[in-house]
Amino acid sequence: MKGNVAERLIKKILQKEALIGIIGMGYVGLPLVLRFCEEDFRVLGFDVDSKKVATLKKGRSYLKSISSSRISQFVRSGHLNVTDDFSRLDEPDCILICVPTPLTEKMEPDLQYIEKTTEAIRQNLRKGQLIILESTTYPGTTEELILPKLKSTGLKVGKDFFLAFSPEREDPGNKRFTTTQIPKVVAGVTPSCQKVVKALYHQIIQQVIPVSSPRVAELTKLLENIYRSVNIALVNELKMLADRMGIDIWEVIEAASTKPFGFSPFYPGPGMGGHCIPIDPYYLSWKAREYDFTTRFIFLAGEINVHVPYYVVAKIQDALNGRGKSIKGAKILILGVAYKKDIDDARESPALAIMDLLQKKGAVILYHDPYIPALPQFRKYYFKLKSSPLTKGLLQRIDAVVVVTDHSGIDYSWVVERAPLIIDTRNVTKNMKQWKKKIVKA
Ligand SMILES: NC(=O)c1ccc[n+]([C@@H]2O[C@H](COP(=O)([O-])OP(=O)(O)OC[C@H]3O[C@@H](n4cnc5c(N)ncnc54)[C@H](O)[C@@H]3O)[C@@H](O)[C@H]2O)c1
């Protein structure tokens, strides 16, 4: 074949003959699988969870946001195959790493998933492969952790194999933007790595944004998440002050949002949730220590956001007290446990912290979430609870409803009309002035 290794790989990509390997069949990996299949690429998915592998091989989805029919069509057409056999990592031409990047108990980066994946790739690395890290992580991971391991094979980066970082911006449940429409930041370790990675993402994404180094791309993703974390903390702090002042923060935000420049609205809530915003900023704080630097905004935002569930519980306690009821023994229905609306993911959800605090105070907890039929084991919590059907009988039996997640499918006025007391952390009761006496904003 003519041309150098990079040119040959680019040609394979442009002709859609490159086999795409995606490691980690989760919220990030699966949408990418589907995008490549839609563009007629063959994809080999890898996951350590053999249950997920078996489900996907049968053409079934295990995520609410992705229908089984989207998976099964590509399994049947032969575009998609999934495996837990990592010795097959020599087969794909391009490998995208989409594995978790959580924190340890001590709030430090837990890089074991990236490390294990890198080792599996190292053992199978061959000439002509492109490796891309998609997982969110601190600046330096691609070049300080992955690159030395892959180089130890004797293959040369930018010549024999290619390495890049491209942060994922997936927003599960967001129907306004598809994977194709979300611009993708990319950075190769060398200029030829950059050329190959750009060629690949141009196949599935409308706008590819090249930046000068993987470190820039890694910090770009963290900036996006820290920006959210800090601004959410800001409105959460102002919400607590406004409450003490007898001002409705939601009305304030609505009014401020009419300013046509210089203001982007962020909304308060029951605390912060999800796999990204509460976790990723600490990746930067940890790395900053190496530079004798303290990321004060990150810690302050974390401190405020972690405090919000305590504030919500205090509001619940006060509301019950105002009705002559003790929190001990009170039956409390948590409405929505997902970390945000219309998704089936409760990881790091503030609902869990609220439920835990309420239980410790002796309350009896029930929950309803149309997306989460049973609560699995979480990093910090395990509740052995199933979603209770949202019936008139249930609303009559309980002492209070706490709206934690504002799923769109729920008829909130129906709930408010029937429940004795509503603690609303999401402003779903905005237009329900007629039931003002039993609504408490928190
Ligand atoms: N979920 C989001 O909205 C989102 C958005 C942007 C970025 N991210 C980032 O993307 C990364 C992945 O997140 P996710 O939400 O898709 O996680 P996820 O938990 O949904 O999926 C990760 C998958 O990787 C698998 N896995 C774990 N270890 C593995 C290994 N060694 N080899 C192969 N597979 C392995 C798991 O079984 C799981 O299926 C994280 O770094 C996250 O911060 C997530």
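What volume does the second largest pocket have? In this predicted model, the second largest pocket has a volume of about 550 Å³, and its lining is made up of 25 residues, among which V306, E348, R379, K380 and Y381 lie nearest the centre of the pocket. Sorted by class, that lining comprises 15 nonpolar, four polar and six charged residues.

Of the contributors, α12 gives the most, with six residues of the lining.

Two packed helices are described by the angle between their axes and the distance between the axes. Here helix α11, which spans residues 296-322, and helix α12, which spans residues 350-360, pack at an angle of about 50°, and their axes are 9 Å apart. Because an angle under 35 degrees would count as roughly parallel and one of 65 to 115 as roughly perpendicular, the value for this pair makes α11 oblique to α12. The crossing in which α11 passes α12 is right-handed.

On the side of α11, the contact is formed by P309, Y310, V312, V313 and I316, while α12 brings P350, A353, I354, L357 and L358 to it. When the residues of this contact are divided by class, 10 are nonpolar, and there are no polar and no charged ones. The lining of the second largest pocket, by comparison, includes four polar and six charged residues beside its 15 nonpolar ones.

Methods: Residues are numbered from 1 along each chain as its sequence is written. This is a predicted model: local features need pLDDT of at least 70, side-chain atom pairs count only at pLDDT 80 or more; totals for chains, interfaces and linings use all residues. Side-chain values use heavy atoms; hydrogens and water are left out. Axes are lines fitted to C-alpha atoms, for helices over the stretch in contact, and angles run from 0 to 180 degrees between N-to-C directions. Helices (H or I, at least four residues) and strands (E, at least two) are DSSP runs, numbered from the N terminus. Angles under 35 degrees count as roughly parallel, over 145 as roughly antiparallel, 65 to 115 as roughly perpendicular and the rest as oblique. A crossing is left-handed if the near helix is turned anticlockwise from the far one by less than a right angle, and right-handed if clockwise. Contact means heavy atoms within 4.5 Å. Ala, Val, Leu, Ile, Met, Phe, Trp, Tyr, Cys and Pro count as nonpolar, Asp, Glu, Lys and Arg as charged, and the others, Gly among them, as polar. On a 1 Å grid over the protein atoms alone, a cavity is a set of points where a 1.4 Å probe fits but cannot get out, and a pocket is an open set with protein on both sides within 12 Å along at least five of seven lines; lining residues have an atom within 4 Å of a point. Grid points are joined across faces, edges and corners, and a volume is the space filled by probe spheres set on the points.
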